[in-house]
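The report below looks at one protein model, beginning with a pair of facing strands and ending with the chain as a whole.

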Amino acid sequence: MKFLITISAVLLLIGAGHAINVKFRDCGSQVGVVNTVSVEPCTAQPCRLQKGRNYTIGVTFTSAETTTKAHSKVYGTVFGVRVPFPLPQPDACLESGISCPIQNGQQYTYKASLPISTHYPSVKVIVEWDLMDHESGGNKLFCTQFAIALI
């Protein structure tokens with residue numbers, strides 16, 4: 001019995017930190033190409049994100065320009081309405097795994113924390129994640145959309 005409890009606990013811990021590459025759609029990348037999008041933890045699509053938890057979103061992309069700035073913007077479309085999602089750190093040159101300046105022709109893996117508020121409704125959402133080459137305006141290094149379910 002003790003053995004079964006230990007195995008169950010180990011399997012739970014392994015699954016808790018599991019990331020998967022999710023299906024995504026490019027939504028207008030202008031100066032970059034999206035290679036993969038991942039959500040952690042997630043074990044099946046659409047990823048079921050529990051309210052009150054933080055998730056890690058990863059986007060591997062190849063830049064088609066050199067830029068000293070990178071700014072993230074996130075939106076969720078719910079029932080046809082596009083709503084901004086606040087990020088703890090929108091400056092992608094800080095705490096994202098990217099070292100600026102971003103170089104033309106180089107591949108990068110951007111990672112960001114996505115906190116899911118307990119105030120969000122339990123709904124299916126289309127997430128749009130943009131990485132801009134300026135804080136306001138500018139070109140999209142990437143624009144990707146993927147589905148999640150808030151539970």
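Phe-61 stands opposite Tyr-108 in E8. The model is a predicted one, in which local features need pLDDT of at least 70 and side-chain atom pairs count only at pLDDT 80 or more, while totals for chains, interfaces and linings use all residues. Residues are numbered from 1 along each chain as its sequence is written, and side-chain values use heavy atoms, with hydrogens and water left out.

Strand E5 (residues 54–63) runs antiparallel to E8 and is joined to it by nine bridges, where pairing requires that DSSP finds at least two bridges between two strands. Strand E8 itself (residues 107–115) has a covered face made of Tyr-108, Tyr-110, Ala-112 and Leu-114, whereas Gln-107, Thr-109, Lys-111, Ser-113 and Pro-115 form the uncovered one.

His-71 lies in strand E6 (residues 71–78) and has a relative accessible area of 14%, so it counts as buried (under 20% relative accessible area, with a 1.4 Å probe and protein chains only). Leaving aside residues up to four places away in sequence, His-71 touches Pro-90, Asp-91, Ala-92, Asp-130, Leu-131, Met-132, His-134 and Glu-135, a contact being heavy atoms within 4.5 Å.

## The whole chain

The secondary structure comes to one helix and ten strands, taken as DSSP runs (helices H or I of at least four residues, strands E of at least two) numbered from the N terminus. Of the 151 residues, 40% count as buried. Among contacts with a separation of 6 or more, 66% are accounted for by residues 24 or more positions apart.

Note on methods. Buried means under 20% relative accessible area, exposed over 50%, partly exposed in between (1.4 Å probe, protein chains only).
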